[in-house]
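Please load the coordinates in a viewer and follow the selections below in order. The model is a predicted one.

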Amino acid sequence: MAKIRELCLFLLLAFSIARVSEARSEIGVYELKRGNFSVKLTNYGAIVVSVFLPDRNGKLDDVVLGFDSIEDYKNDTAYFGAIVGRVANRINGAQFILNGKKYKLVPNDGNNTLHGGPKGFSDVVWQVENYDTDTHITFTYNSTNGEEGFPGDLRVSVTYLLIDTNKLSVIMKATPLSKATPVNLASHTYWNLAGHSSGDVFSHQVQLLADKITPVDKELIPTGDILSVEGTPYDFLHIHEVKTKFHELPNGYDINYVLKYERDGHFHKAAVVYESKSGRKMELWTNQPGLQFYTSNMLGPVKGKGGVTYNNYGAICLETQGFPDAVNHPHFPSQIVKPGESYEHVMVYRFTTE
């Protein structure tokens with residue numbers, strides 16, 4: 001896997017040859033394609049609609065869960081494939097204090113705010129800034145001061161970029177225009193490497209490059225502790241099947257992992273997923289400090305693509321991110337971005353077969 005310097009050079013080269021089109025905001029579906037690797041996206045919620053990959057025998061399957069129509073995405077409560085924000089994950093009590101002022105947000109998960117509120121970035125129409133089917137698409141969104149209770153105007157973009165013949169990069173950026181604000185964007189894609197319609201993911205093998213977690217209370221709000229995974233069902237430092245210690249948990253996995261990395265902002269491997277029947281393997285790299293590992297515990301039943309019924313545990317989410325509820329835990333890495341500063345969150349997926 002290329003180091004971050006090589007990646008940046010590749011990104012610059014890709015953008016330098018991009019064919020820039022007129023920005024447009026009508027809802028559409030757009031395809032990125034290179035050989036037999038293809039990704040479909042929509043500017044509603046900046047959603048990943050499908051990812052088609054070959055298995056070890058060359059058979060193509062769509063390996064992400066989702067819907068057939070935009071209307072279904074508008075009524076979605078699972079955040080299928082979406083970019084979530086302004087602040088991903090949960091904020092305790094739907095409030096926080098910044099520079100001495102209390103900001104009250106719109107609760108949408110009991111008394112808490114989840115993934116930006118009732119109308120977060122997953123439920124808005126993004127503008128298509130530029131698009132080239134061979135390389136990339138960039139969506140932009142202007143979030144206004146007070147939107148869902150958050151302070152300040154914020155310009156946001158996400159670029160989906162094909163690299164080589166088997167890598168997908170997701171580059172999320174944000175720039176505050178008027179006030180300091182928390183920013184924590186995340187990609188909420190549901191992966192099933194055996195194919196979106198293949199059932200549960202218990203036999204998927206997972207490695208998470210993290211030796212600590214941020215434990216949560218009964219409302220899935222971080223307690224503020226940072227605990228070792230050693231000797232617990234949360235230990236995925238060595239690759240093993242999801243089902244290995246699943247029975248030791250009451251509801252499955254839905255926890256933030258503290259990734260092992262050399263320094264803030266450094267590009268590092270976060271996860272590896274392998275599905276033995278298809279031979280598909282996915283590596284995930286990022287520059288973020290945390291990763292939410294979620295086994296779709298509250299997913300189904302819901303009717304998805306092709307009329308398939310998705311049930312609980314039918315996919316894995318690997319959401320690289322800042323720590324949940326960091327605005328209320330000063331010892332967590334800060335998510336506050338001030339005017340004149342910028343936020344950048346990079347993910348790279350590398351797909352192979354074995």
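Begin by selecting strands β18 (residues 210–214) and β21, which run antiparallel and are joined by four bridges. Within this pairing, Ala210 has Leu259 of β21 as its bridge partner.

Now display the side chains of β21 (residues 254–259). Six of its six residues are buried. Asp254, Asn256 and Val258 point one way, while Ile255, Tyr257 and Leu259 point the other way. In general, side chains in a regular strand alternate between the two faces of the sheet.

Move on to Phe293. Leaving aside neighbours within four places in sequence, its contacts include Asp254, Ile255 and Tyr257, as well as Val206, Leu208 and Phe236. In the largest nonpolar core, of 60 residues, Phe293 and Tyr257 are among those that touch the most other members, together with Trp126, Phe139, Tyr160 and Leu318. Strand β12 (residues 154–163) supplies the largest share of this core, five residues. A second, separate core has 20 residues, including Val84 and Ala88.

Finally, centre on His115, in the loop between β9 (113–114) and β10 (127–132). Is His115 buried or exposed? Its relative accessible area is 6%, under the 20% cut-off, so His115 is buried. Val84 and Ala88 are among its contacts beyond four places in sequence, as are Tyr79 and Glu319. A polar atom of the His115 side chain lies 2.9 Å from the backbone nitrogen of Asn89, and a polar contact of 3.5 Å links the side chains of His115 and His188.

Technical notes:
Residues numbered from 1 in each chain as written. Predicted model: local features only at pLDDT ≥ 70, side-chain atom pairs only at ≥ 80, totals over all residues. Heavy atoms only, no water. Helix = DSSP H or I, 4+ residues; strand = E, 2+ residues; numbered from the N terminus. Buried < 20%, exposed > 50% of the residue type's maximum accessible area, 1.4 Å probe, protein only. Polar contact = N/O pair within 3.5 Å; in protein donor to acceptor, adjacent residues only side chain to side chain. Contact = heavy atoms within 4.5 Å. Core = buried A, V, L, I, M, F, W, Y, C linked by side-chain atoms within 4.5 Å. Pairing = 2+ DSSP bridges.
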